[in-house]
Amino acid sequence: MSTSTATPDVDVVVIGAGFTGIYAIHRFRDRMGLTVHGFDAAADVGGTWYWNRYPGARVDIESVHYSYSFDEQLQQEWHWTERFPAQPEILRYLSHVADRFDIRKDVTFGVRVTSATWDDDASFWRVTTDDGAVTTGRYLVSGAGTLSVPKVPDFPGVETFAGRTLLTGNWLEDVDLTGQRVGIIGTGSSGIQAISEIAKQAASLTVLQRTPNYATPIGNHSTDPEQEAAEKAAYSDIRAKSRNHFLGVPYDEVQPSALAVSPEQRRAVFDDRWNKGGFRLFIDSFADLLLDKAANDTAAEYIRERIRERVQDPATAELLCPTGYPYGTKRPPLETDYYEAYNRDTVTLVDVAANRIDAVMPQGVRLADGTVHELDVLVLATGFDACTGPLLAMNVTGRDGLRLADSWADGPQTYLGLTVHGFPNFFMVTGPQSPSVLYNMPLAIEDHVDLIGDVLAHLAESGHTVVEPSATAQDQWVAETNALSEMTLLPTSASSWYMGANIPGKPRRVLVYLGGAPRYRAICEDVKAGGWRGFAVA
Ligand code: N01
């Protein structure tokens, strides 16, 4: 039992006021009676949906699923206008939830956490923000996000560009690109969404592509009132089905193997999923796409065929066809009219794998062969320091001065992707080595926050105040996470942020738990039923 008599400012410090922070504050404060204070660098709630206002920013999980399930009235009363809503609507939704549960009164906005240090004598966390304030909390819950630290490539001369540089991951205002000569670097999910929209506005758009992507149609449309009513009537069943699905969406048409059916049957399945849109082709066609290269090849070739049908210029079409890595080993983007953008006279595709970017100059971007693309605006859609980046950016120091950066020097070490040995009372919502980005985020977040709530309730009931995972439990979890990834095509096949491979110097370790949401949920249930197996309390 902890002998500390010092009293912290609050029971729980929550970092971030996105999907996680909003629910965490409600859960711990309103449902458990704990005192809570939150911090967010933004001026308001929203997290990802606050910072990513680039043209075309849109969710790619259906709105009926990409939303909170914790409050029946909330999910009944909110109306989504689109199957896959755009950023402004999601931000309005989060603002509505924050109003409804009076979240903002317990958040300090516009301050960034610069350090969090465990005080072993007092048994609480000291959280310092960039306004110089120090707040103490018994428990520290990070909702700092998984894709919230943008990666800015250090091209020589990037600071000399005379035009405007815009970062998709830190894009806060509407920008009128009409009449502008725009260049964009990056063809991941952000770049692909932005290119489709910028192509409609800009005088010219130069896409500097290093790696083509397997983008498939999102299939967006307005919500249908009858379907919405039916979904609302069955919402609890839908949520239960979602939580029992690998990705956290209630898809249920997956077949075991792409190689076990005839080419005609396979084509029919791919056509059907292509037409249905969303992640169905990836996650609801054949279960072995990420496990068997030959199975994957069938989907990859199907997507290449569809790209060639949509792009008029054959040379451009070939450049847009991914060949160097299997489908899904980089996170697949979803698109609307992306390939058609290249049929406009104003859009030019440049292969910067063959002719790399040499420097940014005042007038634009110079390639290795000396070609200069003159630009008024340079858009960087160059990704994020995923999963570990947001946590390491906070300078977290645990017991005996152990720095998280040192503990993770060879990649993340966690128990359940939720806690870290040596860092008592520290919880990472959708942390590295949890399903996180591979599990419909609002549900992944609710599950983690609920699990933390259960841990805190257990501590209160048992008269304890400190909890920490054992080194053994952590080692086993890290081994299981790595072993699961080695069963897939992921570790060897692509330079993906899933593996930390997009950041120079970052250890190449899988950052996500690949066992799927149902298996992960079952493990967490088992840990709880086993008296919080793997955790030590004091
Ligand atoms: O970032 P990315 P993102 N020179 O890392 C290129 C989520 N998300 O922001 O592949 C030239 O995927 C890089 O090229 P390469 C989603 O989980 C969701 O687009 O490394 N190019 C790549 O093309 C997603 O996966 C939604 O060769 C350089 C691009 O930049 C995650 O966020 C929407 C370069 C980065 O792609 C990240 O997506 C948006 C360089 N030096 C995002 N450095 C939805 O829900 C990087 N690149 C729909």
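## Cavities, ligand and sheets

About 50 Å³ of space lies in the largest cavity of this structure, which is a predicted model. How many cavities of 30 Å³ or more does the count come to? The count comes to three. The idea behind such a search is simple: rolling a probe the size of a water molecule over the atoms shows where empty space is left.

Helix α15, residues 441–462, gives the largest share of the lining, with three residues.

Next, find the ligand. There are 24 residues around the ligand, and those that come nearest are T187, S190, R210, T211 and K330.

| Residue | Atom of the residue | Distance to a ligand oxygen atom |
|---|---|---|
| R210 | polar side-chain atom | 2.8 Å |
| S189 | backbone N or O atom | 3.0 Å |
| D60 | N or O atom in the side chain | 3.2 Å |

Now for the sheets. Strands of a sheet pair through backbone hydrogen bonds, either parallel or antiparallel. You can find an example of each here.

The parallel example is an open sheet of five strands, in the order β7-β16-β8-β9-β12. Which strands form its edges? They are β7 (164–167) and β12 (347–351), each of which pairs on one side only. On average, neighbouring strands of this sheet are turned by 20 degrees against each other, direction ignored. Within the sheet, β8 (residues 181–185) pairs with β16 (residues 377–380) in the parallel sense over four bridges. Look there for G183, which stands opposite L378 in β16.

The antiparallel example is an open sheet of three strands, ordered β13-β14-β15. Its edges are β13 (357–361) and β15 (372–374); each has a single partner strand, so one side of each is left without a neighbour in the sheet. Here, too, neighbouring strands are turned by 20 degrees against each other on average, direction ignored. Strand β14 (residues 364–367) pairs with β15 in the antiparallel sense over three bridges. At one of these places, V365 has H373 in β15 as its bridge partner.

How values were computed: Residues numbered from 1 in each chain as written. Predicted model: local features only at pLDDT ≥ 70, side-chain atom pairs only at ≥ 80, totals over all residues. Heavy atoms only, no water. Pairing = 2+ DSSP bridges. Helix = DSSP H or I, 4+ residues; strand = E, 2+ residues; numbered from the N terminus. Axes fitted to C-alpha atoms, helices over the stretch in contact; angles between N-to-C directions. 1 Å grid on protein atoms, 1.4 Å probe; cavity = no way out; pocket = protein on both sides within 12 Å on 5 of 7 lines; lining within 4 Å. Points joined across faces, edges and corners; volume = space filled by probe spheres on them. Near = heavy atom within 4 Å. Polar contact = N/O pair within 3.5 Å; in protein donor to acceptor, adjacent residues only side chain to side chain.
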